[in-house]
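Subject: Structure for you to look at

Hello,

Here is the structure I said I would pass on. My notes on it follow below.

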Amino acid sequence: MSILLTISIMDIKMKIIPNNLVISGIILGTIMVFLNNHISIISALLGCTICGGLIAIISFITRGSIGMGDAKLFACIGIFLGLHMTLGILIVATILSGLIGLYLLIFKKADRKTLLPFAPYIFAATIFMMVFN
């Protein structure tokens, strides 16, 4: 959670998700898979590849509107939390960012070309899913 919080703050301030933090998280998550009996290695691998891959595909299709840093971040979360939890986080983060984006559009705080950092929504969705799961 501390890595995710740090990444969220950096994404807000600098609009970037640093590779060194994500890679550190992936390494730590890989170690934790072998120490944690709550998530299977298969679920961790599926969470990493499916969720990270899905965001990577969306990043490619949208020509970077959703960055590859977000894809790597979801890969990291997938290792820690497994496929089902990470898919839930993806859905909740998308809904949260959509609602905030809609609010910003309605009240003319942003326009359609405004890029919003996605990591804070991922962070909020992760907390939500961990509390209510």
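I will begin with a cysteine: C76 is buried, with a relative accessible area of 7%. Bear in mind that this is a predicted model.

Now the overall picture. The protein has five helices and zero strands, so the pattern along the sequence reads α-α-α-α-α. The radius of gyration is 15 Å, close to the 14 Å that the globule rule gives for 133 residues, so the protein is as compact as a globular protein of that length. The C-alpha trace spans about 50 × 30 × 25 Å along its principal axes. Of the 133 residues, 40% count as buried. Among contacts with a separation of 6 or more, 69% are between residues 24 or more positions apart.

The helix to look at is α4, which covers residues 68–106. If straight, a helix of 39 residues would span 57 Å, but the end C-alpha atoms of α4 are only 28 Å apart. Where is the kink in α4 centred? It is centred on G82, and its angle is about 125 degrees.

Two residues in loops have a positive phi without being glycine. One is R63, with phi near 55 degrees. R63 sits in the loop between α3, residues 41–61, and α4. Is R63 buried or exposed? R63 is exposed, because its relative accessible area is 80% and the cut-off for exposed is over 50%. The other is K108, which is not a glycine either and has a positive phi of about 55 degrees. K108 comes after α4, in the loop that leads from α4 to α5, residues 119–132. With a relative accessible area of 73%, K108 is exposed too.

Next, the aromatic rings. A pair is described by the distance of the ring centres and the angle of the planes. The count here is three aromatic pairs. In one of them, F74 and F118 have ring centres 6.3 Å apart and planes at 40 degrees, so this pair is tilted. The F74 and F118 pair links distant parts of the chain: F74 belongs to helix α4, F118 to the loop between α4 and α5, and 44 residues separate them. Both F74 and F118 are buried.

Another of the pairs is Y103 with F107. The centres of these two rings are 4.8 Å apart and the planes are at 45 degrees, so this pair is also tilted. Is Y103 buried, exposed or partly exposed? Y103 counts as partly exposed, because its relative accessibility is 44%.

Regards

How values were computed: Residues numbered from 1 in each chain as written. Predicted model: local features only at pLDDT ≥ 70, side-chain atom pairs only at ≥ 80, totals over all residues. Heavy atoms only, no water. Helix = DSSP H or I, 4+ residues; strand = E, 2+ residues; numbered from the N terminus. Expected span 1.5 Å × (residues − 1). Bend = angle between axes of the 7 residues up to and from the residue. Buried < 20%, exposed > 50% of the residue type's maximum accessible area, 1.4 Å probe, protein only. Phe/Tyr/Trp six-rings, centres within 6.5 Å; stacked < 30°, edge-to-face > 60°. Rg over C-alpha atoms; globule rule 2.2 N^0.38 Å. Contact = heavy atoms within 4.5 Å.
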